[in-house]
Amino acid sequence: MSKMRMPTIYWASLLVVLFVHACNAFYLPGSYMHTYSNGEPIFAKVNSLTSIETELPFSYYSLPYCKPNGGIKKSAENLGELLMGDQIDNSPYRFRMNINESVFLCTTPPLSEHEVKLLKQRTRDLYQVNMILDNLPAMRYATQNGVNIQWTGFPVGYTPQNSNDDYIINHLKFKILVHEYEGTGVEIIGTGEEGMGVISEADKKKASGFEIVGFEVVPCSVKYDPAVMSKLHVYDNISSVNCPLDLDKSQIIREHERVSFTYEVEFVKSDIRWPSRWDAYLKMEGARVHWFSILNSLMVIFFLAGIVFVIFLRTVRRDLTRYEELDKESQAQMNEELSGWKLVVGDVFREPDCSKLLCVMVGDGVQITGMAVVTIVFAALGFMSPASRGMLLTGMIILYLFLGIAAGYVSVRLWRTMKGTSEGWRSVSWSAACFFPGIAFVILTVLNFILWGSKSTGAIPISLYFVLLALWFCVSVPLTLLGGFLGTRAEAIQYPVRTNQIPREIPARKYPSWLLVLGAGTLPFGTLFIELFFILSSIWLGRFYYVFGFLLIVLLLLVIVCAEVSVVLTYMHLCVEDWQWWWKAFFASGSVALYVFLYSINYLVFDLQSLSGPVSAILYLGYSLLMAIAIMLSTGTIGFLMSFYFVHYLFSSVKID
């Protein structure tokens, strides 16, 4: 056997060596470092127009902006970018390395009624223009109440206070920070954009030049004389312009107005090096708050760990030790006087109601949890760079597809354990493959019709719908069925005690058990809600979220809290002779999703006050509902599996006939 394996290992090693030798440099996902020589033209790109008021992205060229000479060309987009509503196009904004200039772009025809209405609407909805140069978003700085604030992008226009008039941004002052690179073969170790790589000797001369390490913009509104400007051609030089403070000298948005677009650029030498150029965008605000969140979670964990410790050592261990010390006659007598969890020994492993649904939900929960853990680990290690737009979402989708094999395996193995047979495993596997994706598909389809109706670029194109369906039925479903088949081949989990034919009556209680189950969800939510605020702000307020190290710690703490909460609640139910613990164990930790959804509504009302219109609110609530369902399946699965292990361990220690 070892002789047969040797050639395989040899060839694998040889392939790795040849691959490494063939590569002059290795970069983690992101863009390659690009150096420019003096005077080399560089063209900016434009992304979709976005607003924190509506959350509906629109194409840049849906407004009457200057178009590039060769026509509009879309950049290649990955799956994540398309799903996020990004639409990256080329633009006429051209810069020449280290040449400071003021340039004319174009003068529009007289604005029509429709164009004026659209410009005014986009201005009042606070839409931002998102421009990209060498993969860096344009950054804008401003001072409000003595505090320096930074944004990505610049507004379409602005409306002065106590005025009904709107003014368009038609002049841009760019400041491009450049760093001279000598091509010294220095190892590049970045913050996750380019990762690490060594420039080879052959590339030294080619790599020498200037790197772009910053892209800043100051937007202005300037009124030009259309008669004078119409005589100019594209990229003709004009005199430098100071941003006017008087509204009379600003360009109003009005019918029959001709708007001239201009820009000026200044190149500034900078000490910022290539690997650090994203630091300005990823400045981590509120680090103390993140640490407070983690300490808060640790306190909850230690509190719950104390309860679990007491249950195991003082209660369970004491009972088991006492029981094992008795002789057979005393054990038989004690069996008649049993109380608490030992009374339900003949019912504790009785098949629960809707057992197939439980198997499917646990399988999908394993799939979602695996996807979340692997994605966050990779992101924390720097693989999911913000420079690689859409990579995070694309990576999550690919992981989810391939983890279908785990969903099928867990669902079918749990089904076999409950039923004692593999019969019906295909139905369980199919259900696991279609349950959560089906819910997501229905929600996204409804939201997509709303986006189509609004003519937003956030709408998923029909072609992408077919791609997603193909991925679902050609990759995810077969892998889930394969996982189910492997589950039938795996050894079934044997129950340590026999189940009685007649179910035991559950004693009446003063309060319904679901109250305890719902209350249990507050503890996992306590570990999560502070980090949830930052995540929601990242999604809905257009901020960069890049503290994946904190998120990984919070995720690990959440897993521990969910496991502990579920075990404690399961033990409490068994102690009051309630043997129907299966679903309660799932929802004890899964009920955190209810609090997440309620917190999302709270965030909408109190933190997203700028969000306007029923369409935006429906979009927000639709995506929040999808997130809550995913969290319910994930946390519920963690709690259920831990409780199942706990109950199995507990009753395997009891020798009751």
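Me: Where is tryptophan 452 found?

Reply: Tryptophan 452 sits in helix α11 (residues 425-453). Helices here are DSSP runs of H or I, at least four residues long, and strands are runs of E, at least two long, numbered from the N terminus. This is a predicted model, in which local features need pLDDT of at least 70, side-chain atom pairs count only at pLDDT 80 or more, and totals for chains, interfaces and linings use all residues. Residues are numbered from 1 along each chain as its sequence is written, and side-chain values use heavy atoms, leaving out hydrogens and water.

Me: Why is tryptophan 452 called partly exposed?

Reply: Buried means under 20% relative accessible area, exposed means over 50%, and partly exposed lies in between (1.4 Å probe, protein chains only). Tryptophan 452 has 33% relative accessibility, so it counts as partly exposed.

Me: Which residues does tryptophan 452 touch?

Reply: Ala459, Ile460, Ile462 and Tyr465, leaving aside residues up to four places away in sequence. Contact means heavy atoms within 4.5 Å.

Me: What makes cysteine 66 and cysteine 106 a disulfide?

Reply: The cut-off is a pair of cysteine sulfur atoms within 2.5 Å. Cysteine 66 and cysteine 106 have an S to S distance of 1.9 Å, and a disulfide joins them. Cysteine 66 lies in the loop between β1 (41-46) and α2 (79-84), and cysteine 106 in strand β3 (residues 101-107), so the pair ties together parts 40 residues apart in sequence.

Me: Why is the disulfide of cysteine 66 and cysteine 106 called left-handed?

Reply: The torsion about its S-S bond is about -85 degrees, so the disulfide of cysteine 66 and cysteine 106 is left-handed.

Me: How many disulfides does a search of the whole structure find?

Reply: The search finds 2 disulfides. One of them joins cysteine 220 to cysteine 243, with an S to S distance of 1.7 Å. Cysteine 220 is in strand β15 (residues 209-220) and cysteine 243 in the loop between α5 (226-229) and β16 (260-269), so this pair ties together parts 23 residues apart in sequence. With the bonded cysteines numbered in sequence order, the pairing reads 1-2, 3-4.

Me: Is cysteine 220 buried or exposed, and what is its relative accessible area?

Reply: Cysteine 220 has a relative accessible area of 3%, so it is buried. Cysteine 66 is buried at 7%. Cysteine 562 is buried as well, with 0%. Cysteine 575, at 30%, counts as partly exposed.

Me: What makes β1 and β5 a pair?

Reply: Two strands pair if DSSP finds at least two bridges between them. β1 and β5 (residues 131-133) have 2 bridges and run antiparallel. In β5, methionine 131 is the bridge partner of valine 46, and isoleucine 132 is that of lysine 45. β1 is also joined to β2 by 5 bridges, again antiparallel. There, arginine 96 of β2 partners proline 41.

Me: Which residues of β1 are on its covered face?

Reply: Ile42, Ala44 and Val46 make up the covered face of β1, while Pro41, Phe43 and Lys45 make up the uncovered one.

Me: Which residues touch the most other members of the largest nonpolar core?

Reply: A nonpolar core is a set of buried Ala, Val, Leu, Ile, Met, Phe, Trp, Tyr and Cys residues joined through side-chain atoms within 4.5 Å. The largest has 120 residues, and Tyr93, Phe95, Met131, Phe174, Phe215 and Phe651 touch the most other members. α18 gives the most to this core, 16 residues. A second, separate core has 10 residues, including Val300, Leu304, Ala520 and Val565.

Me: What span is expected for α17?

Reply: The expected span is 1.5 Å times one less than the number of residues. α17 (residues 592-606) has 15 residues, and its 21 Å reach from first C-alpha to last is close to the 21 Å expected.

Me: What covers the buried residues of α17?

Reply: The cover includes α13 (513-520), α14 (522-540), α16 (582-590) and α18 (614-652). Among the buried residues of α17 are Tyr595, Tyr599 and Tyr603.
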